Amino acid sequence: MEDWLTSTRYLATYYFWYFAAVGVFEPYLTPFWRQIGFAPAEIGILNAIMPGVAAFAPFLWTAYADATRQGERIFLVNTWISALAALLIPHLGGVGTAAAAVLVFSLFRTPLIPLANSMTFRALAGRRERFAAVRLWGTIGYILTAAAAGMVMDRIGLRAGLHGIFLAMLACGIVGWLGRSRRPVSLPPVGLREFLVLLRNRRFALLLAASALAWISVGPYQTFFTIHLERLGLSKTFAGAAWALAAGSELVVMLCWARLCEQASPRFWLIAGLASHPLRWALSALARDPVALLLIQTTHAFTFGVFYLAAVQTVDGLVPDGLRASAQGLFASVTFGLGGLVGNTLGGLLYEPLGMAWLYGAAAAVSAAGALLYWAGTWPEVAGARAAPLRVPRGGSG
């Protein structure tokens, strides 16, 4: 027996403030490290901590939550500790102490979204297509905060402005506390056998492999897109508009997701999301014109919006209720943790010797392999379902 956040209103508010925090640290933490005098190699180490931790922490936390039925307690405690760690980050001037604060922040923050996703799917009671209507508030929080944070940083400076991470995570803690359910939820017991069944699920394994390859391909873009635009002679204002356009296209998908689910299956949309990655990177390898670059940014609607929503919805449909958190945690660890770590690392190593065009080409090849793997691996099941004979009950009229 355990208590969970069961109100989609509170969950939507949690998503808003969580991604508001991301909207502060994602664009501005690296400039802060540079401002206080850290060398590029030191900044690289600091920036490697979050994806490195994300490669294992989400699954370990969520598996522990499912095994102990202490999901809400873990969710709330981790939120508060993340807020306290965020409060320390702007006040630490040494690389070692900064790394320790980022490590604590990462360890306790990384399982929060997988846990929130599992709570949301449970609250929706089988209406998985409505997940996007809750999750879209996170995208809204990110867009609003990322846009406003730049103006705030210009006025008060990076050090003071980074306290916004703490304030947003503090708001998450308050929302989580106020929104916790007073009615215990009864879930079946989970042991080692159930976890092994999850890991041996063929469709789940295919999804993890394909998603990891897709996210590896995102690494060069995430790391070097702004620098690539600057080398093309485009301004930081243009770069900001390009990033905002991508996030806005993701928001459109979330608004339309319930209707899209009525038109096709999650498998169709997941394949569409996976297949959009090689298309985006192939076009990006050729693009030099500002208008073309902005048009390509709208494909983010598929490379993240459609891909992510179809993936988490598919994951939730593949596992029993008692393993929801573990499945979402494993998906996050493999895709965004391991995939992000490999993609960012390889991108960093190969950017100077290859250049951005060749990196985009390699990303297209890697993501195409992921899309083909999932399509070919799941096709026999679809073909078998279509070929199954129609069973007519005995005694029926003919």
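This is a predicted model: local features need pLDDT of at least 70, side-chain atom pairs count only at pLDDT 80 or more; totals for chains, interfaces and linings use all residues.
Me: What makes Arg231 and Glu352 a salt bridge?
Reply: Their closest N and O atoms are 3.6 Å apart. The cut-off is within 4 Å, so the pair counts as a salt bridge.

Me: Why does the pair of Arg231 and Glu352 tie together separate parts of the sequence?
Reply: Arg231 lies in helix 11 (residues 202-231) and Glu352 in helix 16, so the pair links parts that are 121 residues apart in sequence.

Me: How many salt bridges does the structure hold?
Reply: Two. One of them joins Arg128 and Asp316, with the closest N and O atoms 2.6 Å apart. Arg128 lies in the loop between helix 6 (112-124) and helix 7 (131-156), and Asp316 in helix 15 (residues 300-318), so this pair ties together parts that are 188 residues apart in sequence.

Me: Why is Asp316 called buried?
Reply: Its relative accessibility is 2%.

Me: Why is Arg128 called partly exposed?
Reply: Arg128 has a relative accessible area of 26%.

Me: Why is the pair of Tyr221 and Phe225 called tilted?
Reply: The planes are at 45 degrees, and the rings are 4.9 Å centre to centre. Under 30 degrees counts as stacked and over 60 as edge-to-face, so the rest are tilted. Tyr221 and Phe225 are four residues apart in helix 11, which means a separation of about one helical turn.

Me: How do you know whether Phe225 is buried or exposed?
Reply: Phe225 has 3% relative accessibility. The limit for buried is under 20%, so Phe225 counts as buried.

Me: What makes the pair of Phe225 and Trp243 edge-to-face?
Reply: The planes stand at 85 degrees and the centres are 5.6 Å apart. Edge-to-face needs over 60 degrees, so the pair qualifies. Phe225 lies in helix 11 and Trp243 in helix 12 (residues 236-263), so the pair ties together parts that are 18 residues apart in sequence.

Me: What puts Arg280 over the face of Tyr221?
Reply: Arg280 is at 4.4 Å from the ring centre. The distance limit is within 6 Å, so Arg280 meets that part of the test.

Me: Why is Leu354 called partly exposed?
Reply: Leu354 is at 39% relative accessibility. That falls between the buried limit, under 20%, and the exposed limit, over 50%, so Leu354 counts as partly exposed. Leu354 lies in helix 16 and is one of the residues in a nonpolar surface patch.

How values were computed: Residues are numbered from 1 along each chain as its sequence is written. Side-chain values use heavy atoms; hydrogens and water are left out. Patches are made of residues with over 30% relative accessible area and no salt bridge: like charges are joined within 9 Å, nonpolar side chains (Val, Leu, Ile, Met, Phe, Trp, Tyr) within 5 Å. Accessible areas come from the Shrake-Rupley method with a 1.4 Å probe; for residues, only the protein chains shown count as cover. A salt bridge is a side-chain nitrogen of Lys or Arg within 4 Å of a carboxyl oxygen of Asp or Glu. Helices (H or I, at least four residues) and strands (E, at least two) are DSSP runs, numbered from the N terminus. Buried means under 20% relative accessible area, exposed over 50%, partly exposed in between (1.4 Å probe, protein chains only). Rings of Phe, Tyr and Trp (its six-membered ring) pair if their centres lie within 6.5 Å; planes under 30 degrees apart count as stacked, over 60 as edge-to-face and the rest as tilted. A charge sits over a ring if NZ of Lys or CZ of Arg is within 6 Å of the ring centre and within 35 degrees of the ring normal.
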